[in-house]
Amino acid sequence: NPDPSSGATEVFSDSSNYGTVRGSNESVAGLIGQWMNYSSGTISGLRNYGSVTGERYSAGVIGLADLEYSNTTLSISNSSNQGSITGTDYVGGILGQGYAGGVTDGIHVSVSGSTNAGDVTGDQYVGGISGIVTFVTTGSSPTNNSASIASSSNTGSVVATGATGYGGGVLGEFDSGLESDATIELDSDSSATGTVTCSAGP
């Protein structure tokens, strides 16, 4: 893996999955189970057509994006899911969870131009595009960590069955932890037309 200080960018593009994916543990997805950002990453043109069944961090494209290095970005663009997605926690049509932890600064994760048409089902933190984006860093200074979802759409149903079953047509939950300056932007070009059913939450 590249040194994060080198400024290198890892690229993963133009790949498809047509098969059924089943996992008995976490980080299960049609294309990438877990992404570790040792450097910035550009992910584009990934397409999942098969059903995905797992536990935590289940999604059509990336199960878990684990963002541990400062001043790096993860860009997911022009990707799609058409298969049904079933998991427990942190379940999404495109991304299960985007997570930044430890002493990190200047991390940005984005999803743009992506679509989900598959039904997404989980216990809690379930979203048509992403289940949850979480920033729980431990630094004392401003972190400048941010996330965005732009020009993306969900037409599949979203079902969150748990007692605290937060769910959303685009995003299940944004958790900024103790970071008062962490932000997320959902632009007006993103939409959800599928039904959303959840046991708790907004």
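The chain exposes about 8,100 Å², of which carbon and sulfur atoms supply 45%; accessible areas follow the Shrake-Rupley method with a 1.4 Å probe, and for residues only the protein chains shown count as cover. The model is predicted: local features need pLDDT of at least 70 and side-chain atom pairs count only at pLDDT 80 or more, whereas totals for chains, interfaces and linings use all residues. Residues are numbered from 1 along each chain as its sequence is written, and side-chain values use heavy atoms, with hydrogens and water left out.

The chain holds 26 strands and zero helices (DSSP runs numbered from the N terminus: strands, E, of at least two residues; helices, H or I, of at least four). Of its 202 residues, 50% are buried, that is, under 20% relative accessible area with a 1.4 Å probe and protein chains only. Among contacts (heavy atoms within 4.5 Å) between residues at least 6 apart in sequence, 84% join residues at least 24 apart.

Six strands form an open sheet in the order 2-6-11-16-21-26, with parallel pairing; two strands pair if DSSP finds at least two bridges between them. Strand 2 (21–22) and strand 26 (196–198) each have a single partner strand, so one side of each is left without a neighbour in the sheet.

Within this sheet, strand 6 (residues 52–53) pairs with strand 11 in the parallel sense over two bridges. Threonine 53 stands opposite threonine 86 of strand 11.

## The loop at glutamine 82

Glutamine 82 lies in the loop between strand 10 (80–81) and strand 11 (85–86). Not counting residues up to four places away in sequence, glutamine 82 touches Asn48, Tyr49, Ala117 and Gly118. Glycine 60 is 22 residues away from glutamine 82 in sequence, with a C-alpha to C-alpha distance of 7.9 Å.

## Serine 146 and strand 19

Serine 146 belongs to strand 19 (residues 146–150) and counts as buried because its relative accessibility is 18%. Its side chain forms a polar contact of 2.7 Å with the side chain of histidine 108; such a contact is a pair of N or O atoms within 3.5 Å, and within protein one must be able to donate a hydrogen and the other to accept it, while residues adjacent in sequence count only if both atoms are side-chain atoms. Beyond its neighbours within four places in sequence, serine 146 is in contact with residues including Ile107, Val109, Phe135 and Thr183.
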